[in-house]
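Here is a brisk tour for a first look. Keep the view open while reading.

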Amino acid sequence: MARGCEVRTTRLWIAVASLMLLLPSNSILADTALVVQAKKILTAAGKTIEDGTIVCVDGKIKAVGKTGEMNIPADSKILKCEIVMPGMVDVRTCVGLSGILNIKNDSDQLESSSPLQPELRAIDAYNPREELVEYIRSFGVTTVHTGHAPGELISGQTLIAKTIGNTVEESLLIDGRAIAATLGEGSTKAGKQSPGTRGKQMAMLRALFIEAQEYKSKLAKQTEAKPDKDTNKDTNKDKSSEPVPRNLKLEALVDVLAGKKALLITADRAQDIASAIRLVDEFKIKLWLDSAADAQLMIPEIKAAAITVLLHPSMARASGAKENLSFQTAAKLHAAGIPFAIQGGFEAYVPKVRVILFEAAVAAAHGLSFDAAIESITISPAKILGIQDRVGSIEIGKDADLALFDGDPFEYTTHCVGVVINGQLVSKGN
Amino acid sequence: MLFHKISVAEYTLLPTMPPQSHCQNKSATLTTRRHFLAQSTTAISCAFIADRSLAQSPASSTPGASAALKPNGGAIAWFNATLLPVDKPPIPDGVLIVAGGKIKAIGSKQSTPIPSDATVIDAKGKWIMPGLVCTHSHIGGMGAADSSSPIQPGVRILDSINVRESGFRRALAGGLTTINIMPGSGHLISGQTVYCKLRYFEQSPRIVDDILIRDKQGKPIGGLKMANGTNSHGDSPFPGTRGKSAYLVREQYIKAREYQAKVAAAKDDASKLPPRDLHLESLVEAMQGKRIVHHHTHRHDDIMTVIRLSQEFGFQTVLHHVSDGWKVAKEIAAAKLPCSIIVLDSPGGKLEAKDLVFRNGRVLDEAGVRVAFHTDDGITDSRLFMRSAALAVRAGMNRDKAIAGLTLAGAEMLGLDDRIGSLTVGKDADIAILSGDPLSSYTRVLETWVEGQLAFDLSKSQDNLFAEGGLKAGSDLDPFLCCYAQAWQGGAK
């Protein structure tokens, strides 16, 4: 293991050294600006600016406009490129819990001791120094919604992080953003273990949510039962009531019932998508339909239920539950006006992580317009995740998260030539 | 409709003529060179087209260039295309002529006369390249060796292939015409591979024999799949270490050598022949160069082990995957072994592949190693095979070499370069017609022709389904995860 540590240290040194070379020495000073100039700024905010300039100060976008019409602060570090777009937002990945070596020691995306574990927090498992985090960052992915993987009925929670930072706390945007669930063959078990069927999956989920509803109302009563501070009279008629014991599992689901967390359900087959919609109708929860290979066959139902889709990678394998997978699903969702974003997803083998830039490129070659494809990995996921005030587009006041390219970002032969997070150049690209 | 309607007048080599008027149905997308045309040929052509119009509902498909294609029919000539012959520089405004399933002529517009009976197709804006050759695919299943032993060279994958698997049609949608169907990598020697042509026309192949590539004696051609590194490790009788892996392989090849010597000593005396051994027979074929060894290997030290063993026993080897190839490129070049590499969107998934990089192809090529790509379908999707070359070019690989890596280099690694892999006169008329540059992410495969017959046409609804995906386009099988299926459940070995 000592050898591994040495390698890691060396890499960090190289990273530090390259940053020192690339950035002006006073770059960490709060008032130093980073300026990006590009032949095209794809703002993901409704317009493209030709020959544009972006001024970043204090980690935020301070100004955006035509290069000739901009005041550039003195001593600015200037980066030039062909095309700049917002740093990309991966709407659903497991990177950081799932690691490059795919061995026990770096695979924390799925705990299989029980089918229902909404209490597992991603913050306790996310490794911000995972090599694959650095890898996707090198293509311009600056924010990830990551967490527990598909594979159990409820596998755990997710978080949202920037792809930079020494600790999870430093990277974190939102902890506990969603609870990850899986319907269909992806989470059924063999033998006499439950769930063994689709019917049983729904029965178990419904029973747990009903339990959570009851727990929620107990908590509400407890709050109501607190003595009135002015009169010091206990308004609760039931004098014998004990405080409701804490239950981490049900607390997590109460957050879902209260709309504080979304329920992310991985469901590829049409009947599993229908089940997910049934669950939303019954419990009035915020659903993110994950992967959703058959979404193309369920457009009216998804639209009627006003559901958001975290669409599988375009290049996911067309087999198993995804046998009907179509390269055109993104285009069809877009045409129907269904909110969606293209995800990197979870990979059990190779490639161990998928790059949303490449996945969106394939969608763009199969009917999704260029602008919609850019949005599907920038502002659309930011809106879905509720972080659109921070990231997802190039607009004044947002975090200075940018991806720089030497040509059309979707062309295979184009390079990412720089990645900026919070106004700092954090990668030379790929 | 892929090819816009042309009139004779548009074909600049010809004297200006009025458009044909006696063959006016919608199928007149095909126009023959009327001033050379015998009246009877025109009549046959029109009759055939009319036939198809009756047979097909207008909504289901557009009669395309295939309309002209009858078995042993006349020549077909494409003009106005950007041609990528691969064995020669690109031809910007070229003419390609095929007939009788073979390539008859290729060249510039000026230097390539079109025969009088040819069906002429304007391919303006289109790019035409040889049908893609995938040296490593798992379409049709992987049912060769079982779990009883790590070394089973006598087992043939051709006895297991499901020719009705949708993956074959999807591969055509990626411009592939030849694939090497391989057993998996969970064994040191997992069996005999088989080289197949994707002869999926309106009538699908019925049995595996319909897609085999045969030698002059009629025998199916294939290689031998071997693997080292961790995929082929396992509980006894499988090896647990690299040293044991190499030992087990050497032991078998030594036995095969002895077997070979006994056979040679017996000469024609059947009574002196040793009992026939299918496993050893297969290894003898490998040592005689009759069966190319396709060797799965990732890590630099495993690559060196393959080189060592192939030199000891003299089997002709193609290195497959070769994730660490860039680390030992000089050594691979010195051993004169070609590499069929995989390009994946990220490194890792297992320790052996943690240093996989897009520049692998460039580094190997620049060191003098012949480089081909492969899909390892379903590890990567055959429909996106051209992407592998494009990502190598992204990392600096020479463009022409990368395109050869999808075609001619692969053909060489299968020992089929006398028949396929380039647009060369006399080779099989296996071609892919593209909407543009094969290295662009926006380019689509419009048509794929196998041995002079149209096998994929994007404008046909059924072919379009396989190209785009959708209900009934995929495979109702568990995702292909090779020997790593337990990783699906979170804990990899």
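Helix α8 of chain A is followed by A:G337, whose phi is positive, near 75°. The helix itself covers residues 329–336, and its buried residues are A:T329, A:A330, A:A331, A:L333 and A:H334. What covers these buried residues? The cover includes β11 (308–311), β12 (340–342), α9 and α10 (370–375) of chain A.

All of this comes from a predicted model. The predictor gives the complex an ipTM of 0.90 and a pTM of 0.88.

**Chain A overall**

Chain A has 11 helices and 15 strands. It counts 430 residues, and 51% of them are buried. Among contacts in chain A with a separation of 6 or more, 67% join residues 24 or more positions apart.

**The nonpolar core**

In soluble globular proteins, nonpolar side chains tend to be buried together. Here the largest nonpolar core holds 257 residues. Which residues have the most contacts inside it? They are A:I54, A:L289 and B:L198. Helix α9 of chain A (residues 356–364) gives the largest share of this core, eight residues. Helix α9 is also among the elements that cover the buried residues of α8(A).

Take A:L289 as a case. Setting aside residues up to four places away in sequence, A:L289 touches A:I265, A:A267, A:I273, A:A276, A:A295, A:I302, A:I307, A:T308, A:V309 and A:L310.

**Strand pairs**

| Strand pair | Sense | Bridges |
|---|---|---|
| β7(A) (154–162) and β8(A) (172–182) | antiparallel | six bridges |
| β8(A) and β9(A) (262–266) | parallel | five bridges |
| β16(B) (431–434) and β17(B) | antiparallel | four bridges |
| β17(B) and β18(B) (453–457) | antiparallel | four bridges |

In chain A, follow A:A180 in β8(A). A:G156 stands opposite A:A180. A:A180 also stands opposite A:L264 in β9(A).

In chain B, follow β17. Is this strand largely enclosed or open? Strand β17 of chain B (residues 445–450) is largely enclosed by the rest of the structure, because six of its six residues are buried. The bridge partner of B:I433 in β17(B) is B:E447. On to the next strand: B:W449 has B:L454 in β18(B) as its bridge partner. The hairpin of β17(B) and β18(B) has two residues between the strands, and B:E451 takes a positive phi near 50° there.

**One tryptophan in chain B**

B:W127 lies in strand β6 of chain B (residues 127–130). Why does B:W127 count as buried? It has 20 other C-beta atoms within 10 Å, and a residue counts as buried at 20 or more. Leaving out neighbours within four places in sequence, B:W127 is in contact with B:A81, B:T82, B:L84, B:L434, B:G436, B:D437 and B:P438. B:Q110 is 17 residues from B:W127 along the chain, and their C-alpha atoms are separated by 18 Å.

**Domains of chain B**

Chain B is divided into domain 1 (8–125) and domain 2 (132–430). The contact between them takes 13 residues from domain 1 and 13 residues from domain 2. On the domain 1 side, β3 (91–99) and β4 (102–108) of chain B each supply at least two residues. Strand β4(B) gives the most to that side, with five residues. By class, the domain 1 side has nine nonpolar, one polar and three charged residues.

**Where the chains meet**

How many residues does each chain bring to the contact? Chain B brings 44 residues and chain A brings 43 residues. On the side of chain B, helix α8 of chain B (residues 385–394) gives the most, with five residues. The residues on that side of chain B divide into 22 nonpolar, 13 polar and nine charged.

**Confidence in chain B**

The mean pLDDT of chain B is 86. Of its residues, 82% reach 70 or more. Residues 1–72 of chain B stay under 50, and the model has 97 contacts beyond four places in sequence for them. Over residues 483–493 of chain B, pLDDT is also below 50. That stretch has 29 contacts in the model beyond near neighbours in sequence.

Technical notes
Residues are numbered from 1 along each chain as its sequence is written. Chains are lettered from A and ligands numbered from 1 in the order in which they are written. This is a predicted model: local features need pLDDT of at least 70, side-chain atom pairs count only at pLDDT 80 or more; totals for chains, interfaces and linings use all residues. A residue is buried if 20 or more other C-beta atoms lie within 10 Å of its own, exposed if 12 or fewer, and partly exposed in between; C-beta atoms are placed from the backbone. Two residues are in contact if their C-beta atoms, placed from the backbone, lie within 7 Å. Ala, Val, Leu, Ile, Met, Phe, Trp, Tyr, Cys and Pro count as nonpolar, Asp, Glu, Lys and Arg as charged, and the others, Gly among them, as polar. Domain bounds come from an automatic or database domain assignment. A nonpolar core is a set of buried Ala, Val, Leu, Ile, Met, Phe, Trp, Tyr and Cys residues joined through C-beta atoms within 7 Å. Two strands pair if DSSP finds at least two bridges between them. pLDDT is the predictor's confidence in each residue, from 0 to 100.
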